[in-house]
Amino acid sequence: MTIKPTTMKKLKLIEKDFIKYAKNHIKIIDNNNDTIPFVLNKEQEDFLYSMTKFNIILKGRQIGFTTFSLAYMLYSACTRPDTSYLIMTHHSNVTSSIFNKLKKMYNSLPHEKFPDYFPKIKISNRAELTLQNGSRVMVATAGGDDSISGNTFQMIHLSEMAKYPTEAQEEIIATAIPALAKNPDSRIVIESTAMGYNEYQKMFMKAHRSKDSVWKAHFYSWLASAYSNQFKHTFDEAEAWYKANNGRRMSKKDLEFDEIELHNSYKANFRQLMFRRYYIQTNSLEKFRREFPTTPDEAFLTTNTSVFDTMKIIKRIENVMPPLKGREVLTELPQSLKQYLNKQLFIYHLPKKGERCFAGVDVASGSGGDNDSSTMSIFDNEGQQLASFYSNEIPVYEFAKIVNDLGKFFNYAFICVERNYLGKPLLERLRKELGYMNLLKQRMFNEKNKNKIQLGFMTTDTTKPTLISDMKTNFELGLINIECVQTLEEMKIYEEVNGKFGNKKGKGLHDDLVISVAMASQALKENKYYVAI
């Protein structure tokens with residue numbers, strides 16, 4: 001059937017606009033199992049206009065980004081010949097379901113009305129829909145056969161990446177990026193709800209924190225407008241449950257402490273807050289925070305034996321001071337330290353003349369890879385953090401020089417070095433070779449009950465509980481003000497398990513900055529100075 005010129009003109013106009021194309025041509029199944037036109041919700045439309053080449057999304061459940069990507073890939077495949085698209089999921093059953101949804105979208109196109117307009121199917125199997133115009137949409141499962149290598153894709157969507165096998169996440173990213181088409185319109189989208197600490201969490205938080213990241217972070221909280229429609233029935237159930245138990249709808253006077261903040265600071269309405277309370281009653285607060293986060297930090301909270309108050313950590317992260325820019329520091333900083341500024345060394349405040357400063361140091365081998373870092377945390381005498389340093393690629397002898405130079409720059413700071421393992425050779429170099437005199441000394445008893453004075457702080461099963469307790473008290477009572485985000489991230493996963501203290505186990509998870517802050521807390525506690533300033 002020949003399409004009239006005026007009709008073809010309208011079709012071509014629609015073809016240039018994905019939102020119009022979706023509304024006029026693509027249909028989806030809604031929560032009532034009705035077939036309806038695909039009209040983008042506010043969050044989907046926001047993402048359409050804000051996405052770049054490299055995108056990583058953290059969101060609550062069921063906002064509809066998988067549906068968005070399927071429709072966008074189908075639209076692109078139909079309108080751009082000889083292009084390929086891939087969507088990957090975490091489980092084979094989900095992959096199969098996604099592919100069935102894609103085929104339903106294709107079948108919903110108005111083929112009968114415009115039989116020669118939409119490209120016909122050439123291949124349709126469990127993993128691929130190929131059109132006669134040479135374009136195709138593929139689906140795959142993480143951890144299954146390698147469907148990325150050797151292909152070139154206009155768009156790749158890694159759905160629910162946090163649920164991928166932990167060992168596969170980094171490798172999939174490394175394979176996917178080279179597979180993107182070499183043109184300005186190619187896209188990669190990583191999207192997931194949170195699942196604790198893994199490669200996805202590290203990637204998202206780095207993109208979220210850093211303006212220099214190549215990845216653009218997109219966050220959509222449970223207060224997104226999409227939930228008003230997507231969870232309408234559950235919202236109705238929650239409101240009915242609340243009324244049955246309280247005799248009326250929720251009002252401001254009924255709000256609990258955390259609900260008051262959500263209402264005042266995040267503009268959560270009473271219908272949303274009734275839904276939240278209903279969900280927590282039927283599940284848990286931890287699960288609500290993960291599935292329906294208010295902030296990115298809240299999304300990654302997990303129930304554990306965390307030593308530090310995680311909500312206080314989140315509040316601190318939200319209010320940290322960014323490091324001083326190079327031009328604000330470089331004129332003051334010694335030449336030996338300039339190469340590290342805003343790479344491994346972060347300065348938040350410059351030292352004030354005549355003011356005492358206190359520092360903590362934790363020493364590692366400097367062997368790189370996923371090994372521990374050598375760290376230094378510096379505070380003024382009021383507990384305000386002035387600077388932090390961390391690197392896992394600097395050998396002990398070189399780190400000793402950095403500690404020496406930083407200590408002298410910060411008014412010859414009083415430094416507490418963890419003496420264990422590599423701390424001893426660092427202390428020897430500081431004192432004997434570099435002549436650094438302002439070092440914490442610890443009184444110890446030997447096996448003959450004779451006491452001796454030694455440089456640094458020896459961490460043992462006996463001293464560590466006190467060490468960490470002092471830091472916890474200082475932080476949670478506001479006696480120290482930590483500015484280093486990396487330190488705060490480590491504090492989230494610092495645990496006590498069966499009486500043993502340490503970081504949550506897993507690749508890339510460390511506690512070196514926690515230890516250096518704990519050492520600085522001991523320096524502040526001693527409040528000594530062996531040099532004149």
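# Close-up views of a predicted protein model

By class, the residues lining the second largest pocket are 13 nonpolar, 18 polar and eleven charged. That lining belongs to a predicted model, and the legends below walk through it and several other spots.

**Figure 1. The second largest pocket and the residues around it.** This pocket holds about 1,300 Å³ of space. Its lining is made of 42 residues, and those nearest the centre are Gln62, Gly64, Thr67, Lys101 and Gln230. Which helix gives the largest share of the lining? Helix 5 does, with seven residues. Several other elements each supply at least two residues, among them strand 1 (27–29), strand 2 (35–37), helix 4 (65–79) and helix 9 (232–246). If you wonder how such spaces are found, rolling a probe the size of a water molecule over the atoms shows where empty space is left.

**Figure 2. The whole chain, for orientation.** The protein chain has 21 helices and 19 strands. Its C-alpha trace spans about 100 × 60 × 45 Å along the principal axes. Of its 533 residues, 53% count as buried. Take the contacts between residues at least 6 apart in sequence: 68% of them join residues at least 24 apart.

Figure 3. Helix 2 covers residues 18–25, and its buried residues are Phe18, Ile19, Tyr21, Ala22 and His25. To picture how such residues are arranged, remember that an α-helix has 3.6 residues a turn, so residues three or four places apart point the same way. What do the buried residues of helix 2 pack against? Their partners are helix 1 (5–15), strand 1, helix 3 (42–50), helix 4 and helix 5.

**Figure 4. Glu128 in strand 6.** Strand 6 runs over residues 128–131, and Glu128 is part of it. Is Glu128 buried or exposed? Its relative accessibility is 18%, and buried means under 20%, so Glu128 counts as buried. The side chains of Glu128 and Thr130 make a polar contact at 2.5 Å. Setting aside residues up to four places away in sequence, Glu128 also touches Phe99, Ile123, Arg136, Val137 and Met138.

**Figure 5. Ile173 in helix 6.** Look for Ile173 within helix 6, which covers residues 166–176. Ile173 has a relative accessible area of 9%, so it is buried. Which residues surround Ile173, once neighbours within four places in sequence are left aside? Ile173 is in contact with Leu158, Met161, Ile190, Met203 and Trp215. Tyr227 is 54 residues from Ile173 along the chain, and their C-alpha atoms are separated by 30 Å.

**Figure 6. The loop between helix 16 and strand 11.** Gln339 is found in this loop, which sits between helix 16 (335–338) and strand 11 (345–347). A polar atom of the Gln339 side chain lies 3.4 Å from the backbone oxygen of Ser336. Gln339 and Arg249 are 90 residues apart in sequence, and from C-alpha to C-alpha they are 61 Å apart in space. Asn342 lies in the loop too. Its phi is near 60°, a positive value in a residue other than glycine. With a relative accessible area of 32%, Asn342 is partly exposed.

**Figure 7. Helix 17, largely enclosed.** Does the length of helix 17 (residues 396–409) agree or disagree with what its 14 residues should span? At 1.5 Å a residue the helix should span 20 Å, and its end C-alpha atoms are 20 Å apart, so the two agree. Ten of the 14 residues of helix 17 are buried, which means the rest of the structure largely encloses the helix. The buried residues include Val396, Phe399, Ile402, Asn404, Asp405 and Phe409. Just after helix 17 comes Asn411, with a positive phi of about 55°.

**Figure 8. Asn527, after helix 21.** Asn527 is placed in the segment that follows helix 21 (512–526). Although Asn527 is not a glycine, its phi is positive, at about 50°. Is Asn527 buried or partly exposed? With a relative accessible area of 44%, Asn527 is partly exposed.

Technical notes:
Residues are numbered from 1 along each chain as its sequence is written. This is a predicted model: local features need pLDDT of at least 70, side-chain atom pairs count only at pLDDT 80 or more; totals for chains, interfaces and linings use all residues. Side-chain values use heavy atoms; hydrogens and water are left out. Helices (H or I, at least four residues) and strands (E, at least two) are DSSP runs, numbered from the N terminus. The expected span of a helix is 1.5 Å times one less than its number of residues. Buried means under 20% relative accessible area, exposed over 50%, partly exposed in between (1.4 Å probe, protein chains only). A polar contact is a pair of N or O atoms within 3.5 Å; within protein, one must be able to donate a hydrogen and the other to accept it, and residues adjacent in sequence count only if both atoms are side-chain atoms. Contact means heavy atoms within 4.5 Å. On a 1 Å grid over the protein atoms alone, a cavity is a set of points where a 1.4 Å probe fits but cannot get out, and a pocket is an open set with protein on both sides within 12 Å along at least five of seven lines; lining residues have an atom within 4 Å of a point. Grid points are joined across faces, edges and corners, and a volume is the space filled by probe spheres set on the points. Ala, Val, Leu, Ile, Met, Phe, Trp, Tyr, Cys and Pro count as nonpolar, Asp, Glu, Lys and Arg as charged, and the others, Gly among them, as polar.
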